[in-house]
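I opened the file to go through one chain and its contacts with a partner. These are my notes, in the order I looked things up.

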Amino acid sequence: MEVTLRILRYDPEVDEKAHYETYTVDAEPTDRVLDLLNQIKADQDGRLAFRASCAHGICGSDAMRINGVNRLACKTLVKDTEGTITIEPLLGMKVIKDMIVDFEPFFEHYRSVLPFMINDSPPPEAERLQSQADRERFDDTTKCILCAACTTSCPSFWADEEYVGPAAIVQAHRFIFDSRDNGAAERLKILNQQFGAWRCRTVFNCTTACPREIKVTQAIGEVKKAIATGRI
Amino acid sequence: MTKTHQHEVVIVGGGGAGLMAALYASRGADTAVLSKLYPIRSHTGTAQGGIGAALGNEEEDKIAWHTFDTVKGSDYLGDQDAIEFMCEEAVPTVYELEHMGLPFDRTPEGKIAQRRFGGHTNNETHKPVRRAAYAADRTGHMILQTLYQQSIKNKVNFYDEFQVLDLLMDGGKACGVVAVELLTGELHVFHAKSVVIATGGWGRVWEITSNALSYTGDGVALTMRKGIPAEDMEFFQFHPTGIYKMGILITEGVRGEGGVLMNNEGERFMERYAPTVKELASRDVVSRAMYIEMREGRGINGKRYLHLDVRPETVNKYAKQDDRKNPDGTPYELTVEDLRHKLPEIIDFCRTYAGVDPLTDMMPVQPTAHYAMGGIPTDMRSHVLGDEKGNIVPGLYAAGEVACVSVHGANRLGTNSLLDLVVFGKHAGMNAAEYAKGSDYVPLPDDPAGPVMEMLDGFRKGPGHESHEKVSQIKREMQQVMFDNVGVFRTEDMMAEAVTKVRQLRERYKDIKVSDQGRVFNTELLQAWELGCLLEIADVTAESALNRKESRGAHAREDFPKRDDKNWMKHTMAFLKPDGVEIRYKPVTKTKFEPMERVY
């Protein structure tokens, strides 16, 4: 079948501003949108720039707006779209070239929540024990691939990019609710600040956008509750 | 303008091996990690089923059994001293990952949970043993996340989206690398005392692969171009269960949980090929059985795929037939809830990409190019070896999939790749830092970035005549001939044809031209460079395969169907030369395991 793509292009070395270009490719209904982008790059316009690596929804490289919604290009099939497919870069991040946006501020927010195990007690020779129930408490948020689909769909983030954003809170949640970790108080203090978790207005865009089906808004809610009650 | 940086240790690649090396190297030396991706995007993250270690958390297990299983799995081509070392290190290293925060699944007692995987057995009963420590079916994702988190905690220096295009050597010693910064297109020279190569594999040589688009073998191409041989390149693993046509991996953990393979006649055909462990035979054995089934017309509807069935009613029927028991002695039974909990990613992949639900449908699978057993020759301490005599290249280290220690020999067991990259990544980092501390910077060559600049300009300018070649076309032709002719089954004629074809493609490659003349994120230019790596690797792989006149592990020849220990229990060492490939050999290190017939 023939599929038409309308792609928002921007090359800083050539273009004064972004503009749409249209391409037609021959595709199967089961092709990924990423396959179509690769096909355009291979056969029609080698300059088209986008990030991609694993091509099956794990590495988090190819989040972009597909028909106005944040999706991974490798996890969106042609059969799940209708008519012309419109491709645009993520909103709220500086566009460098075509779909490539500046991830540095995103990773800075990520690093700000202390996204690592904090436990200074000397470890036992074998593993630290953890019950299955304790392990389950943070299972959902371990799935995050840092693709930024959630953060760049959040109106609070669009309004102010200083907001730490849903992805960083998800990463904080993964440690706050891990029974082996001792850094919860410090992280909750960080997330209680001006640009922390309270910026969330529970719009649920993040949950809808997450390609990993993480219950992002719920996780943020649990963090807010922990800040408010001081209990985990 | 070329910028120059200086770090005592430079690590190329930010996946599991590179990050583990970085954590250890940065304890003792000024260290930097260069990755062509953000490290968190690395291919380690796609590993699913588990990491092997004889923890014995679920049932009796022994390091000696893990060692023997790995030697047997390697079809006796693995170096036994290195395998012993890896299997011993496995236990403390998995605990170390847990201490770093890795969220393993848990047993009812709160210990790290373990599952069955192909080729891992109780050496007394010969039944499968639970040795794969796992975090659902995203163990690699959790390892990558955990190591990246620790790197942030320990303030490791990262140069993200810096693609390394040349290795700098002076007087036979490594002294740095040249990289392009994707954001600006500028070249950077990194002057180092020691360099660790951890760039991963090269599945993109083949048409159907489970590997990332970025898996283009950069590291092994960089070292081959400096005269360093590539070891055992003919051994590339085809994983039995990739999603039909796409190659996306379906973890062996599915079979570990009791999933069975079915042909078009509804027959569980692995009973005929591996009567004891059936679907949990080594990957080479299962992939070959699948090819034979398909060739004999028992593919599903005559097509080139088979069914993987993990529906609880099927699993429980065969578990009963096999008399499979839980650790507490009760009969094994799998529920829909267990599947949702243990294999959530697989369910998601199948629903998204194959349009089937593993809870209620069978999955369409075919063997997919998956893992490089061969690579840059190293010793157990991750030193790169410069020749077949074992002379080390001072200041140069390699670890992870790009390296060939060799712990996987002719066929890797599932779960041993994650193990390999953490164990040898760690030792590469420690040894690279120690070397750096005891040595001075070797002077850089004159105009260190010159050759890279010239090469990139060549891609931009093209051949200077009207007709030029396209990267995408050459890549497609290479991937097809390698998949058809240097795949699961091989013959002299097929491989000779592949060598001829790849040589032609390498000639045509000289005439490529890219359309993007810009500097910022010129990914077309870098794909052109990566194709050069893939072509050289394809050439060396086909030539190494053509020269090995026996069948062993992943190298299965129809014209030489038997393993020949008398003549061929040796490693291939292939040197890339201007006029072709030169093949030499070196002996396998044997400690206590005499080769035996491999039966599963």
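**Cut-offs first.** I call a residue buried under 20% relative accessible area, exposed over 50%, and partly exposed in between. The model is predicted, so I keep to side-chain atom pairs at pLDDT 80 or more.

**Entry: B:Arg351 and B:Asp357.** I applied the cut-off here. B:Asp357 has a relative accessible area of 18%, so B:Asp357 is buried. B:Arg351 comes out at 42% and counts as partly exposed. Their side chains meet in a salt bridge, 3.0 Å from N to O.

**Entry: B:Arg506 and B:Asp539.** I looked up this salt bridge next and found the closest N and O atoms 2.7 Å apart. B:Arg506 sits in helix α15 (residues 492–509) of chain B and B:Asp539 in helix α16 of chain B, so the pair ties together parts that are 33 residues apart in sequence. How accessible is B:Asp539? B:Asp539 is buried, at 0% relative accessibility. B:Arg506, at 24%, is partly exposed.

**Entry: B:Glu98.** I found two salt bridges to record for this residue. Inside the chain, B:Glu98 pairs with B:Arg106, with the closest N and O atoms 2.8 Å apart. Across to chain A, B:Glu98 forms a salt bridge with A:Arg180, where the closest N and O atoms are 2.8 Å apart. B:Glu98 is buried, with a relative accessible area of 1%. B:Arg106 is buried too, with a relative accessible area of 5%.

**Entry: the interface with chain A.** I then took the interface as a whole. I count 58 residues of chain B in contact with 65 residues of chain A. About 5,100 Å² is buried between the two chains, and carbon and sulfur atoms give 50% of that area. Which residues of chain B lose the most area to chain A? They are B:Arg41, B:His99 and B:Tyr353, together 14% of what that side buries.

I also looked at the polar side of the interface. The rule finds eight salt bridges between chain B and chain A. It finds 41 residue pairs in polar contact there, with both residues at pLDDT 80 or more. On the chain B side, α3 (80–99), α4 (139–153), α11 (344–354), α14 (471–485) and α16 (523–547) each supply at least two residues that touch chain A. α4(B) gives the most, with eight residues. By type, the residues on this side divide into 22 nonpolar, 20 polar and 16 charged.

**Entry: a three-stranded sheet.** I moved on to strands in chain B. Three of them form an open sheet in the order β3-β5-β4, with antiparallel pairing. β3 (51–52) and β4 (114–121) are the edge strands, each pairing on one side only.

I checked the two pairings one by one. β3(B) pairs with β5 (residues 128–133) of chain B over two bridges, in the antiparallel sense. There, B:Gly52 has B:Ala132 of β5(B) as its bridge partner. β4(B) and β5(B) run antiparallel and are joined by four bridges. In that pairing, B:Arg116 has B:Arg130 of β5(B) as its bridge partner.

How many residues of β5(B) are buried? Six of the six are, so β5(B) is largely enclosed by the rest of the structure. The hairpin of β4(B) and β5(B) has six residues between the strands, and B:His126 in this hairpin takes a positive phi near 65°.

**Entry: B:Arg298.** Where does this residue lie? B:Arg298 is in the loop between α8 (283–295) and β13 (306–309) of chain B. With a relative accessible area of 15%, B:Arg298 is buried. I found its side chain in polar contact with the side chain of B:Glu293, at 2.7 Å. A polar contact of 2.7 Å also links the side chains of B:Arg298 and B:Glu296. Beyond four places in sequence, the contacts of B:Arg298 are B:Asn263, B:Asn264, B:Glu265, B:Arg272, B:Glu293 and B:Leu306.

Note on methods
Residues numbered from 1 in each chain as written. Chains lettered and ligands numbered in written order. Predicted model: local features only at pLDDT ≥ 70, side-chain atom pairs only at ≥ 80, totals over all residues. Heavy atoms only, no water. Buried < 20%, exposed > 50% of the residue type's maximum accessible area, 1.4 Å probe, protein only. Polar contact = N/O pair within 3.5 Å; in protein donor to acceptor, adjacent residues only side chain to side chain. Contact = heavy atoms within 4.5 Å. Buried area = accessible area lost by both parts, 1.4 Å probe. Salt bridge = Lys/Arg side-chain N within 4 Å of Asp/Glu carboxyl O. Nonpolar A, V, L, I, M, F, W, Y, C, P; charged D, E, K, R; others polar. Pairing = 2+ DSSP bridges.
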